[in-house]
Amino acid sequence: MNVRTRFAPSPTGYLHIGGARTALFSWLYARKMGGTFILRIEDTDRERSTQESVDAILQGMEWLGLEHDEGPFYQTHHFDRYKEVIQQLLDSGHAYHCYCSKEELEQMREGQMARKEKPRYDGRCFGREDVPEGIQPVIRFRNPQDGAVEFEDLVRGKITVSNRELDDLIIARSDGTPTYNLTVVVDDIDMNVTHVIRGDDHINNTPRQINIMRALGVEPPKFAHVPMILGADGQRLSKRHGAVSVMQYRDEGFTPQALMNYLVRLGWSNGDQEIFSREEMIELFSLEAINRAPSAFSPDKLLWLNQHYLKTLPVEELEKQLQWHLQAQSLDVSNGPALADVINAQRERAKTLVEMVAISRYFYQDFDAFDETAVSKQFKSETADNLQVVHDELASLPEWKGEPIHAAIQASCEKLGLKLGKVGPPLRVAVTGSTSSPSLEITLELIGRERALARIRKAIAFIQSTLTTG
């Protein structure tokens, strides 16, 4: 069997965490089985669908690296095909026109609820001969009245639904536009989809879609319904839990590798393994290993994974990902150390790419002021003289490299009769503006000779102008 999976988002909003995980599982299964991954845009809701949402979905998929083999296909391009299938169902007696008004349907519903029956359309228009004038009918699928729909869900096991629980759903609105359950069936048939992997909020649709497929003489695909994602509080995932656009995670400095790794572990596992490369995900993934229970979203776990990837991804990959953030934070890195060297110096110190850019600014730009807390703690009246000694030692270096810089700082400590703990922190504030940076020799090497010495002189002048000798 040539496995064919599809991801079919509705372009009424951004690509969120739940949708991205569905796309990932569908993509992984296709890659694992050597199959085909299809992208389909279900844009028949013309009022709510927007090009902006389409662009956001495509951008999110591209950023995550979930490349599709076919598509994107747009349902609005297939209306003629849907009309053809609807007519086929009408001709075969599997669909009929319904002329019921809203008032009539409401009365039907109220009566059923009063009798403590499940509200459902009772099929009263099936075979109706008295066609009222001036009413544009909807078209309903004639659901089987007896028996049951039974299918083997690849995640949840056997599912059986009595046909008496299913009503005659609308497959075409009064204006002729097709509805979701009709279009998805036609598309899955035409695209030869073999496996439908989607959220378990679609389970109620599945028996209806299976009945439509069988009415069309087609064997349904296999289904795998993935449990929903919950917030840490056990409630359905929402914006307050982190259910935001996938691209917002990029904007906040997460790597696509971290987000993909996190998403694959939201409902799937391979023993206790936490870190997966892209290749390992494909090799190890199986639908049978998807958990039946809902998964809880943990921002802390995602941040931990992001730190792991900042430490381990190739420098060239991080350089590429940093470009967007450098532009977003207006940091020009053309005048300063090689970005790769700064990444190596900061990758153990940053949790996100946003933070990596923010804490690296002093390598490329002079700062306007020293951190006030750092000044109060590290700058004393005698610090100016101490920094002058360090400045002169550094200025005499024939080579501006880490080891000679370290030796010069040690020599300064010996001249001053002070330990490094008394000399190093004020020096760090002088050259970076704050108390946080990589080791002093690396920091000074990357800042560069002229820029570092100028900053030390600036710090000396600052101390002399603001502090009195005591």
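Is helix α1 mostly covered or mostly open, and how many of its 16 residues are buried? Helix α1 is mostly covered, with 13 of its 16 residues buried, where buried means under 20% relative accessible area, exposed means over 50% and partly exposed lies in between, computed with a 1.4 Å probe on protein chains only. This is a predicted model, in which local features need pLDDT of at least 70 and side-chain atom pairs count only at pLDDT 80 or more, while totals for chains, interfaces and linings use all residues. Residues are numbered from 1 along each chain as its sequence is written, and side-chain values use heavy atoms, with hydrogens and water left out. Helices (H or I, at least four residues) and strands (E, at least two) are DSSP runs, numbered from the N terminus.

- Helix α1 covers residues 17-32 and reaches 22 Å from its first C-alpha to its last, which is close to the 22 Å expected at 1.5 Å a residue; the expected span is 1.5 Å times one less than the number of residues.
- Just after α1, Gly-34 takes a positive phi of about 65°.
- Helix α8 (residues 256-264) is also mostly covered, with 8 of its 9 residues buried, and among these buried residues are Pro-256, Leu-259, Asn-261 and Tyr-262.

**The contact of α15 with α17**

- Two packed helices are described by the angle between their axes and the distance between the axes.
- The axes of helix α15 (residues 383-395) and helix α17 (residues 420-432) come within 10 Å and cross at roughly 85°.
- That makes α15 roughly perpendicular to α17, given that angles of 65 to 115 degrees count as roughly perpendicular, those under 35 as roughly parallel, those over 145 as roughly antiparallel and the rest as oblique.
- The axes themselves are lines fitted to C-alpha atoms, for helices over the stretch in contact, and the angles run from 0 to 180 degrees between N-to-C directions.
- On the α15 side Thr-383, Leu-387 and Val-390 take part, and they meet Val-423, Pro-426, Leu-427 and Ala-430 in α17, contact being defined as heavy atoms within 4.5 Å.
- The residues of this contact divide into 6 nonpolar, 1 polar and no charged; Ala, Val, Leu, Ile, Met, Phe, Trp, Tyr, Cys and Pro count as nonpolar, Asp, Glu, Lys and Arg as charged, and the others, Gly among them, as polar.

**The sheet β4-β5-β8**

- An open sheet is formed by 3 strands in the order β4-β5-β8, with antiparallel pairing, where two strands pair if DSSP finds at least two bridges between them.
- The edge strands are β4 (95-98) and β8 (170-172), each of which pairs on one side only, and the twist averages 45° from one strand to the next.
- Strand β5 (residues 138-141) pairs with β4 in the antiparallel sense over 4 bridges, and in β5 the bridge partner of Ala-95 is Phe-141.
- Strands β5 and β8 run antiparallel and are joined by 2 bridges, with Ile-170 in β8 as the bridge partner of Arg-140.
- From β5, Val-138 and Arg-140 point one way while Ile-139 and Phe-141 point the other way, and all are buried.

- Val-54 lies in helix α2 (residues 51-64) and is buried, with a relative accessible area of 4%.
- Leaving aside neighbours within four places in sequence, Val-54 is in contact with Pro-11, Ile-41 and Tyr-74.
- Thr-44, in the loop between β2 (36-41) and α2, counts as buried at 15% relative accessibility.
- Not counting residues up to four places away in sequence, Thr-44 touches Gln-75, Thr-76, Phe-79 and Thr-183.

**Backbone features**

- Most residues other than glycine have a negative phi, and most peptide bonds are trans.
- The peptide bond from Gly-71 to Pro-72 is cis, with omega near 5°, and Pro-72 has its place in strand β3 (residues 70-74).
- Lys-116, although not a glycine, has a positive phi of about 60°; Lys-116 lies in the loop between α4 (102-114) and β5 and counts as exposed at 79% relative accessibility.
- Asn-192, likewise not a glycine, has a positive phi of about 55° and is found in the loop between α5 (180-190) and β9 (195-199).
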